[in-house]
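Please keep the structure at hand while reading.

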Amino acid sequence: MFKRSSPNRQRLAALALLGAPLLSYPLLALPEGQMNGIPDVFLYLFGVWGGLIGLAAWVAEHRGK
Amino acid sequence: MTSSWLVALLSTAYLGLLFAIARFGDARADAGKSIISANVYALSLAVYCTSWTFFGSVGRATSGGLSFLTIYIGPTLMILCVSVIVKMVRISKRQRITSIADFIASRYGKSQFLAGLVTVIAVIGVVPYIALQLKAISASLDVLFQQAVEASEPWWLDSTFAIAAVLAVFTILFGTRHLDATERHEGMVAAVAFDSVVKLAAFVAVGLFVTYGLFGGMSDIFQRAAATPELTRLLGLDHGRPETWTSLVLVSGLAILFLPRQFQIMVVENVDEGHLRRAVWLFPLYLLLINIFVLPLAIGGLLHFAGRPVNPDTFVLTLPLAQGAEGLAVFAFIGGLSAATGMVIVETIALSTMVCNDLVMPWLLRLQSFPLSERQDLSGILLGIRRGAIALILLLGYAYFRAAGEAYALVGIGLISFAAVAQFAPAMFGGMYWKAGTRAGAIGGLLGGFAVWLYTLLLPSFAKSGWIGSAFVEEGLFGWPWLKAQALFGLSGLDEISHCLFWSLFANIGLYVAVSLLSRPGVVEASQAERFVDILRYDHPAAEARLWRGRASVEGLVGLLERFLGPARARQQLAAYAASRKVSDWRRIAADAQFVHFAETQLAGAIGSASARVMVSSAVEEEPLGLEEVLDILDEASQVRAYSRELERKSGELEAATAELRSANERLLELDRLKDDFVSTVTHELRTPLTSILALSEMLHDDPEIELSDRMRFLGIIVAEGERLTRLINQILDLAKLESKQAEWTSGEVDIAEVVRESAGSLGRLFQDRRVALSTELPDGGPLVVLADRDRLMQVMINLLSNAVKFVPPGDGRVRVAMTKEAEDVRVEVADNGPGLGAGEAEVVFEKFRQGGDTLTGKPQGTGLGLPISRRIVEHFGGRLWVESRPGQGATFIFTVPLPRQKT
């Protein structure tokens, strides 16, 4: 159960604040080129996105107990 | 070959399966065993992914590359802000809020006008979106049957209408089974969660098939695209439009909160706040998974159908069909169908609740002819209105689909809808976090934002479809260039969504803030503002009760509840309320403020907060409270809460201190009692010898005739008693010193064996006189040195030996002294063959003035202080003194003295 001003909710909100600049411009303009034929932007977007989800899962499921 | 009847059969079977799941979910919910787990909740949120995602993402990717991802990154970031969602859920549960229109209306003073306005915006913004779902189903059927032999058979010609009708029936069956105060539909949620699984599986299956079956994996597709000049731009981002990216992330992040269906699923259908903990990552993960293959599919389709006129929106179906994988194509069709049905069902239920509660009910309540005063069950009428609304909304969607056809207005509607619901954001966020936001401000903001949205986004889309003239887009309204619909005030260079979002939110926020600051809130507004903003802090039924003053009758309110909820449900809720107030029969409930509040919340669940307020005020006589008074009560409530928390803390401290004091007091009382006992015993013990001395001395003094032999005997007794008195006083002093730790100790190395020998020697005469045999067993070898006070040790030994000799029978008494050296101490035993001690006596003899033997009959043979003194001495050296004995078998007094620690 989430309580008032629970540290977990703040951790998750901090993840959102971290994700917002990572997943928008100007940082998005940085990855160029490709790796094994797959464009770096593709890898970057899905990588950062997946990383955020992983961190959120860790925070929500483990830190919350 | 795919035949129409097979597809029809499969679609029907799939919808039947959804029916079954929904029915199962409802049955379990009725039985109190909800099947809505955290996972089901998280999956049901994926109702966000409609057929616009399922088919449309690929289409968008063929033109915009990776920019389609913004629609899913926005929700990911937004759902991480869990506290916003928790706040919405909490408020909705406390206030029995059943739709987003109700939320906004309730916050701004339960305003019927505001509720209606939000409903109108939602319906205008969202009905075309429903049409888009119908179009998706119809288009996917077209694709499926263009390949089929029976393509010419006309039965499916109006299959879209049939589908709309089936969906309407489904929605009516599971969305409006009964009027529930919570407006929850667990069966529907379960069915939607199942939909989510199916559409994800179908999309990933097609993605895998195309990427790894048709092509040689992702890198193969990307490399082929890189080799094709017109496709290379899809591999990167359009860096020229960063603001488009940002506004799409923003608008989709707002949509995940404020689309009516998302509000319904996320807030209204939430059964447990804890489920959000799963949703916060599982839902974004779902979005990520469903998007991985979008770009490969888009590029794969463009490569495969290069030069052929195939609609990219249908690649999910056409790619498997082109490869002859008809089974997969049908699966993909079912996936698209599930995406569309899930969206249509939830959206329609949400909209129908809003239309019924916020448009039709207020209108009905205003009608003079409406039978308000008659006692009749209105719950049936309410259900009828909802069902009618569902049918009407789907019909509207179908009509829009028929009218729009292939027009632009349908294709672009996804984002246009998002921009429409984004207009709720200022009123919603302001309502939850800013107490000064007023009804006038919310109305101003909504109207302004909606007008700008209409002018800059919806009407231009109509113009592009050719339904209205496009002069206002190209030349500006009335020919004024600064009113060009998509370059307002000359702001050009933005895409239409960013342009609309900027101006509409600018107008919306500006008007909301400015009008709020210039207007004064009404009483209800102010109190609702407090309740909403401070929901996480505010929990004070007493204040809730004081916020209403007036006269009410139980019959009147019960009548209202029965009419709107139906008699059965009303009785059920009343019984529950009576139980919570600890009243056995609801007919005897007091018609107080709390009951009025209860009735209003119950009604709010059924007909919306605004109408509920109107209804309740028609049934009771309310005395209006002044604004200042309301604010005072609410302030007081939060102050009282703070005080009571402080008080609680203080009283806790006080309690702890009291407990400590009590135990200290008990200890003192016990010590006091012991002291009294001691003093009285000491006096008694002193008086015995004194009495005999006094008596004998008086006899000698009074009677000079006493014979010399008697006189000598008396004097002997006097001397002996005097000695006993002296000894007693010495021992009392000794004990007092020991107890107050003021005794003087000389500590040194003492050979304990020598002490034993010496004390045995000094008492040798006594033993001989009484003819008691004394034997000593001392270990061989050198001296046994301990750290102790030699004289005190001697005192203990002599005390034990003289005790032993007193209690053994004269003549054949035996006393044995044994000493053994153990690992850490020396153990000395003094064993006798006297009468021994009972189990109860073994500890008693170590208490002051308690002697062994029967003190009632026998004359006391000692002072009763020897053993207590000995025990204190031994304990001072760090050893122990105790007795082991059984009656009739003698007693063994044992003491230990620790050996000095070996120097290492």
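## Pairing in the sheet

Two strands are taken to pair if DSSP finds at least two bridges between them. In this predicted model, strand S4 of chain B is joined to strand S6 (residues 813-821) of chain B by 6 bridges, and the two run parallel. Within this pairing, Glu777(B) stands opposite Ala818(B) of S6(B).

These strands belong to an open sheet of 5 strands in chain B, ordered S4-S6-S7-S9-S8, in which the pairing is mixed. Strand S4 (772-777) and strand S8 (881-885) of chain B each have a single partner strand, so they stand at the edges and one side of each is left without a neighbour in the sheet. From one strand to the next, the twist averages 15°. Helix H33 (residues 752-762) of chain B packs on the sheet, where it touches S4, S6, strand S7 (825-832) and strand S9 (891-898) of chain B, and its direction makes about 170° with that of S6(B).

## Domains

The domain assignment divides chain B into domain 1 (4-366 + 377-422), domain 2 (423-530), domain 3 (540-623), domain 4 (630-739) and domain 5 (748-898). Between domain 1 of chain B and domain 5 of chain B, the C-alpha centres are 96 Å apart.

Of the 15 residues in H29(B), 13 are buried, so that the helix is mostly covered. Just after H29(B) comes Gly608(B), which takes a positive phi of about 90°.

Lys110(B) is placed in the loop between helix H7 (100-107) and helix H8 (112-146) of chain B. With a relative accessible area of 16%, Lys110(B) counts as buried, because that term applies under 20%. Beyond its neighbours within four places in sequence, Lys110(B) is in contact with several residues, including Val524(B), Glu600(B), Ser609(B) and Arg613(B). The C-alpha atoms of Lys110(B) and Ala612(B) are separated by 8.8 Å, although the two residues are 502 residues apart along the chain.

## Confidence

The pLDDT of chain B averages 82, and 91% of the residues score at least 70. Over residues 147-156 of chain B the pLDDT stays under 50, and the model has 16 contacts beyond four places in sequence for this stretch. The pLDDT also stays under 50 over residues 854-859 of chain B, for which the model has 1 contact beyond four places in sequence.

Methods:
Residues numbered from 1 in each chain as written. Chains lettered and ligands numbered in written order. Predicted model: local features only at pLDDT ≥ 70, side-chain atom pairs only at ≥ 80, totals over all residues. Heavy atoms only, no water. Buried < 20%, exposed > 50% of the residue type's maximum accessible area, 1.4 Å probe, protein only. Helix = DSSP H or I, 4+ residues; strand = E, 2+ residues; numbered from the N terminus. Domains from an automatic or database assignment. Axes fitted to C-alpha atoms, helices over the stretch in contact; angles between N-to-C directions. Contact = heavy atoms within 4.5 Å. pLDDT = per-residue confidence, 0-100.
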